[in-house]
Amino acid sequence: MAQLEASAREADDVDAVTRAVLTASRVLTAVSARSLAEVEERVTLPQFRMLVVVSGRGAIKLVALAESLRGTPSAALRMADRVIAAGLAERQPDPDDRRETLLTLTEEGRRTVESVTARRRAGIQAIVQRLRPARRLALVEALDAFSEAGGEPPAPVGAHLPPLGWPT
């Protein structure tokens, strides 16, 4: 009987946490959408995710980019073509294997990542500042555990904020 009650409490806890994360994800989605508002005519959220990955990794092969985005190489190629056409990235020959090409950001692509990330950071910071310090610490611990459980490595201090781990 006690084991059954413990299982029910655990299920309730999982449901409560799931509801809380879904609610928080709506807040983060809104912050993300607002941060992209100035560039949304040129960049979609999935394309921005691609730009952030390239920004963080530097010159990258399309196969590796597709893996980072958890997509297919053909989808990564189509998305790369779009960001190249928008002037945000460019192809370069791979110096180690001339049959391969690398995707890199243009200066405009770097500026786009930096400005969107700065707006996103400011939006999140405004929300976090409304929390009491003890709640902030609890949030850091909870989000670190959540990210670890989801397989997301911690972002280095001072690094670009990723687009919140959304599938793109």
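Axes here are lines fitted to C-alpha atoms, for helices over the stretch in contact, and angles between N-to-C directions run from 0 to 180 degrees. With that in hand, the helix pair comes first. In this predicted model, helix H2 (residues 45-57) packs with helix H4 (residues 73-85) at an angle of about 90°, and their axes lie 10 Å apart. Angles of 65 to 115 degrees count as roughly perpendicular, so H2 and H4 are roughly perpendicular to each other. On the H2 side, Pro46, Gln47, Met50 and Leu51 do the touching, and they meet Ala76, Met79, Ala80, Arg82 and Val83 in H4. Sorted by type, the residues of this H2 contact with H4 come out as seven nonpolar, one polar and one charged.

Next comes the sheet. Three strands make up an open sheet with antiparallel pairing, in the order S1-S3-S2. Strand S1 (60-61) and strand S2 (89-94) sit at the edges, each pairing on one side only. S2 and strand S3 (residues 97-105) run antiparallel and are joined by six bridges. Across this pair, Pro93 stands opposite Thr101 in S3. H4 turns up here too: the helix packs on the sheet, touching S2 and S3, and its direction makes about 120° with that of S2.

Setting aside neighbours within four places in sequence, Leu77 is in contact with Leu62 and Arg91. Val63 is 14 residues from Leu77 in sequence, while the C-alpha to C-alpha distance between Leu77 and Val63 is 8.9 Å.

Technical notes. Residues numbered from 1 in each chain as written. Predicted model: local features only at pLDDT ≥ 70, side-chain atom pairs only at ≥ 80, totals over all residues. Heavy atoms only, no water. Helix = DSSP H or I, 4+ residues; strand = E, 2+ residues; numbered from the N terminus. Parallel < 35°, antiparallel > 145°, perpendicular 65-115°, else oblique. Contact = heavy atoms within 4.5 Å. Nonpolar A, V, L, I, M, F, W, Y, C, P; charged D, E, K, R; others polar. Pairing = 2+ DSSP bridges.
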